Amino acid sequence: MMDVSVKLDTSKFDRASAELKKQLPYASSVALNTVAFRIRGEERSAMGRIFVNPAKLTLNSVLVKKATKRSGIAKIFIRDQATNGTAPSKYLAPSVIDVKRNDKRFERALRHMGILPSGMYVVHGKAARLNRHGNISVGTYKKILAELRGNPGSTSGAGSAQSKKGKYFVGKVNGVLGVWKRAGGKRRPTVKPILIFLKGKPDYRKRFPFVRIAEGIARRHLPIELDKAMDRAIATAKRR
């Protein structure tokens, strides 16, 4: 899980009065949560600036685990689960912590079927239709997998696959291995590259400073928010 824990330095209250110390756990939790949600908002804004048309799942992947009076810690993290597809924490990891990306679910499915060779990975072909987020839709991936599973001949190479039914096949065309789509009809048959198999994992440049954003906001705003929360807590206590 990719996360940042936010804590408070309360040492300046070591010599405070008993009344101030009594209010400190509550005020600390209020300050921590205020800053945590400020961090979440800025992380989302940064995603919109850094990534091209990020999907709703991506923008909503930054979550907050709120601080309590007992815990004294707020946590900002990227969701590590997804109902359908790859969890945001996995596909965002290369952009956050400078690691090579994990296998995609589609790649795992192709490996399980014996179609994607060991050490090879999938990237979009020039003819792939991408959505506004720059991705092939889940529906298209499902169609491709269903057709490859239902038509074993579609995995035997471009030449022999031309006589088989179905839009998609796996094979080499002009020396390029991948998933191809038939087009042009019977008179002018042709094939289009939808997915290309490459050797070695695609390398992504680290570009989303998730941790740096959180640390910067915490450093600037925690002391201010703690003073505000303490003032409100003391004022409330006096009215009782």
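Which elements each supply at least two residues of the lining of the largest cavity? I looked this up in a model that is predicted.

**Entry 1, cavity.** I found that α5 (105-112) and β4 (120-124) each supply at least two lining residues. The largest share comes from β4, with three residues. I listed the lining as Lys-104, Phe-106, Glu-107, Val-122, Val-123, His-124, Tyr-141 and Leu-195. By type, I noted five nonpolar, one polar and two charged residues. The space inside is about 40 Å³. I looked for others and noted that the structure holds one cavity of 30 Å³ or more.

I next looked up ring pairs and found three in the structure. I took Phe-51 and Phe-208 and noted that their ring centres are 5.8 Å apart with the planes at 70 degrees; planes over 60 degrees apart count as edge-to-face, so this pair is edge-to-face. I then placed both residues: Phe-51 is in the loop between α1 (18-50) and α2 (56-59), and Phe-208 is in the loop between β7 (190-199) and α8 (210-239), so the pair ties together parts 157 residues apart in sequence. Ring pairs also link Phe-51, Phe-208 and Phe-210 into a cluster.

Are Phe-51 and Phe-208 buried or exposed? I read 12% relative accessibility for Phe-51, and under 20% counts as buried, so Phe-51 is buried. Phe-208 has a relative accessible area of 0% and is buried.

How values were computed:
Residues are numbered from 1 along each chain as its sequence is written. This is a predicted model: local features need pLDDT of at least 70, side-chain atom pairs count only at pLDDT 80 or more; totals for chains, interfaces and linings use all residues. Side-chain values use heavy atoms; hydrogens and water are left out. On a 1 Å grid over the protein atoms alone, a cavity is a set of points where a 1.4 Å probe fits but cannot get out, and a pocket is an open set with protein on both sides within 12 Å along at least five of seven lines; lining residues have an atom within 4 Å of a point. Grid points are joined across faces, edges and corners, and a volume is the space filled by probe spheres set on the points. Helices (H or I, at least four residues) and strands (E, at least two) are DSSP runs, numbered from the N terminus. Ala, Val, Leu, Ile, Met, Phe, Trp, Tyr, Cys and Pro count as nonpolar, Asp, Glu, Lys and Arg as charged, and the others, Gly among them, as polar. Rings of Phe, Tyr and Trp (its six-membered ring) pair if their centres lie within 6.5 Å; planes under 30 degrees apart count as stacked, over 60 as edge-to-face and the rest as tilted. Buried means under 20% relative accessible area, exposed over 50%, partly exposed in between (1.4 Å probe, protein chains only).
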